[in-house]
Amino acid sequence: TKYNVLFNGKEAFSIGEGILSEAFEDNFYELIPVEPINLRGESIDETTIVPGFDRAEEKAVKAIQKHSIKIDEVQYNRQIDEAYLLLGKARYFDRRFFPALEAFNFLLETGAKQSNYVEGKVWREKTNIRLRNEELAIENLRPLARALLTKNKFYPIANATLAEAFINLKQMDSATFYIKRAAMEEPKRKNKARYLFITGQLFESLEKKDSADWAYKEILDLKRRAPRKFIVQAKIKQSMTDRSVAFEDRIRDLQKMLNNYENQAFEHVINRALAELYLEKQEDSLALLYYDRSLESPSLDSYTRIANYEDLANFHFEKGAYLTSGGFLDNLLRLFDEGSVAHKKMKRKRDNLGEVISYEETVQLTDSI
């Protein structure tokens with residue numbers, strides 16, 4: 001069961017999970033998610049098109065059906081616990097949350113060994129969060145997270161899952177407490193950097209700047225052991241929030257980052273940070289120069305493009321250049337799906353500006369005549 005059926009199932013599952021993880025792109029201009037896999041807009045009746053999860057589920061079912069040794073309600077093949085875990089996880093990532101919940105519940109009800117029981121309970125609450133049952137997830141998981149020792153391998157994921165539930169409920173104080181606990185004990189550097197960055201963002205939202213700086217410094221202290229994107233974003237965050245450092249030194253630090261060849265893939269976000277600093281200092285010409293450089297960057301992502309257009313639209317609106325502001329809003333509208341909330345908000349903003357632009361064009365025409 002372990003070295004044949006489940007081994008092949010876990011290999012297929014890893015491939016599918018890797019594809020989902022690689023396809024995910026973090027939006028660092030908002031609170032980044034605890035779980036870096038896009039399962040948004042999920043539908044119970046639809047599955048993902050990612051290969052691997054179907055095969056993983058097939059192997060898990062085969063293990064349960066053909067390798068179960070259950071005598072007098074006692075399961076003598078302990079690999080069956082692993083099979084139910086794999087089955088639930090495969091269904092979870094395939095966006096079939098009710099069947100996943102069924103698999104995890106069955107595991108918990110059949111007397112699984114301690115480690116499988118704890119892992120199954122955490123994944124059941126992750127599934128409940130996807131089903132928008134955050135209060136239930138917190139009620140079930142908080143006693144477990146409090147009871148686990150810090151050296152327990154499930155301590156970080158249990159606390160991170162609790163933090164995700166509190167974030168969804170907009171209870172940022174509690175979310176900060178649990179994500180910090182997860183960050184301090186997480187052994188995997190990429191997860192540790194993510195949890196620390198979320199900790200910094202949450203402290204910022206609570207206006208605790210010193211605590212936020214601490215979290216970003218912890219990421220920088222990881223150096224090359226953390227993913228490069230978190231190192232760059234943490235340095236930018238420090239430059240934007242640390243008022244104890246002189247403006248010229250903050251600019252110099254960002255310029256140094258920009259000149260580092262290892263940061264070429266992130267030049268768009270560094271140029272944007274420079275633009276924001278210059279705009280804050282009311283050095284408008286330099287700010288516009290760096291916004292242009294950010295928009296011209298070959299590595300520009302959609303989130304940075306949107307943030308730049310929004311800043312430029314607001315900047316020109318405040319300066320009274322309504323035609324230019326309207327142009328940037330038109331560019332923004334093309335970047336959103338027509339049915340999305342963001343598109344509706346932006347269109348309303350653009351429509352409100354339409355009358356002002358019409359008057360502006362009339363004034364310009366009259367003046368020219």
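## Close-up views of a predicted model

**View 1. Lysine 59, a buried charge without a salt bridge.** In this predicted model, lysine 59 is buried and yet takes part in no salt bridge, since the nearest side chain of opposite charge, that of glutamate 58, is 5.0 Å away, whereas a salt bridge needs a nitrogen within 4 Å of a carboxyl oxygen. Lysine 59 belongs to helix α2, which spans residues 53-67. When residues up to four places away in sequence are set aside, the residues that lysine 59 touches are Val5, Asn8 and Gly9.

**View 2. The salt bridge between glutamate 82 and lysine 10.** Side chains of opposite charge can pair when their charged atoms come close. Glutamate 82 and lysine 10 form a salt bridge in which the closest N and O atoms are 3.5 Å apart. Glutamate 82 is part of helix α3 (residues 79-93) and lysine 10 is part of helix α1 (residues 2-23), so the pair ties together parts that are 72 residues apart in sequence. Lysine 10 has a relative accessible area of 36% and is therefore partly exposed.

View 3. Glutamate 57 and arginine 91 meet in a salt bridge, with 3.1 Å between the closest N and O atoms. This pair links distant parts of the chain, as glutamate 57 lies in helix α2 and arginine 91 in helix α3, 34 residues apart. Both glutamate 57 and arginine 91 are buried. A further salt bridge joins the side chains of arginine 96 and aspartate 94, at 3.7 Å from N to O, and here too arginine 96 and aspartate 94 are both buried. Glu57, Arg91, Asp94 and Arg96 are linked in a network of salt bridges.

**View 4. Phenylalanine 53 and phenylalanine 93, a stacked pair of rings.** A search of the whole structure finds 19 aromatic pairs. In the pair shown here, the ring centres of phenylalanine 53 and phenylalanine 93 are 5.7 Å apart and the ring planes stand at 15 degrees, so the pair is stacked. The two residues link distant parts of the chain, phenylalanine 53 being in helix α2 and phenylalanine 93 in helix α3, 40 residues apart. Phenylalanine 53 counts as buried, at 0% relative accessibility, and phenylalanine 93 is likewise buried, with a relative accessible area of 1%. Phenylalanine 53 and phenylalanine 93 also belong to one aromatic cluster, whose other members are Phe13, Tyr92, Phe97, Phe104 and Trp123.

View 5. Tyrosine 278 lies in helix α13 and tyrosine 290 in helix α14, so the pair ties together parts that are 12 residues apart in sequence. Tyrosine 278 counts as buried at 10% relative accessibility, as does tyrosine 290 at 6%. Over the ring of tyrosine 290 sits the charged end of arginine 293, at 5.0 Å from the ring centre.

**View 6. The loop between α13 and α14.** Glutamine 282 is found in the loop between α13 (267-280) and α14 (284-296). With a relative accessible area of 68%, glutamine 282 is exposed. The C-alpha atom of glutamine 282 is separated by 44 Å from that of glycine 18, a residue 264 places away along the chain. Lysine 281 lies over the face of phenylalanine 247, at 5.1 Å from the centre of the ring.

**View 7. The largest nonpolar core, around Ile179 and Ile219.** The largest nonpolar core has 41 residues, of which Ile179 and Ile219 touch the most other members. At least two residues of this core come from each of α5 (114-130), α6 (134-147), α7 (155-168), α8 (172-185), α9 (189-205), α10 (209-222) and α11 (228-241). The helix that gives the most to this core is α7, with eight residues. Apart from neighbours within four places in sequence, isoleucine 219 is in contact with Ala193, Leu196, Phe197, Phe230, Ile231 and Ala234. A second, separate core holds 32 residues, among them Ile236, Met257, Ala313 and Phe336.

Technical notes:
Residues numbered from 1 in each chain as written. Predicted model: local features only at pLDDT ≥ 70, side-chain atom pairs only at ≥ 80, totals over all residues. Heavy atoms only, no water. Helix = DSSP H or I, 4+ residues; strand = E, 2+ residues; numbered from the N terminus. Buried < 20%, exposed > 50% of the residue type's maximum accessible area, 1.4 Å probe, protein only. Lys, Arg positive; Asp, Glu negative; His and termini not counted. Contact = heavy atoms within 4.5 Å. Core = buried A, V, L, I, M, F, W, Y, C linked by side-chain atoms within 4.5 Å. Phe/Tyr/Trp six-rings, centres within 6.5 Å; stacked < 30°, edge-to-face > 60°. Lys NZ or Arg CZ within 6 Å of the ring centre and 35° of its normal.
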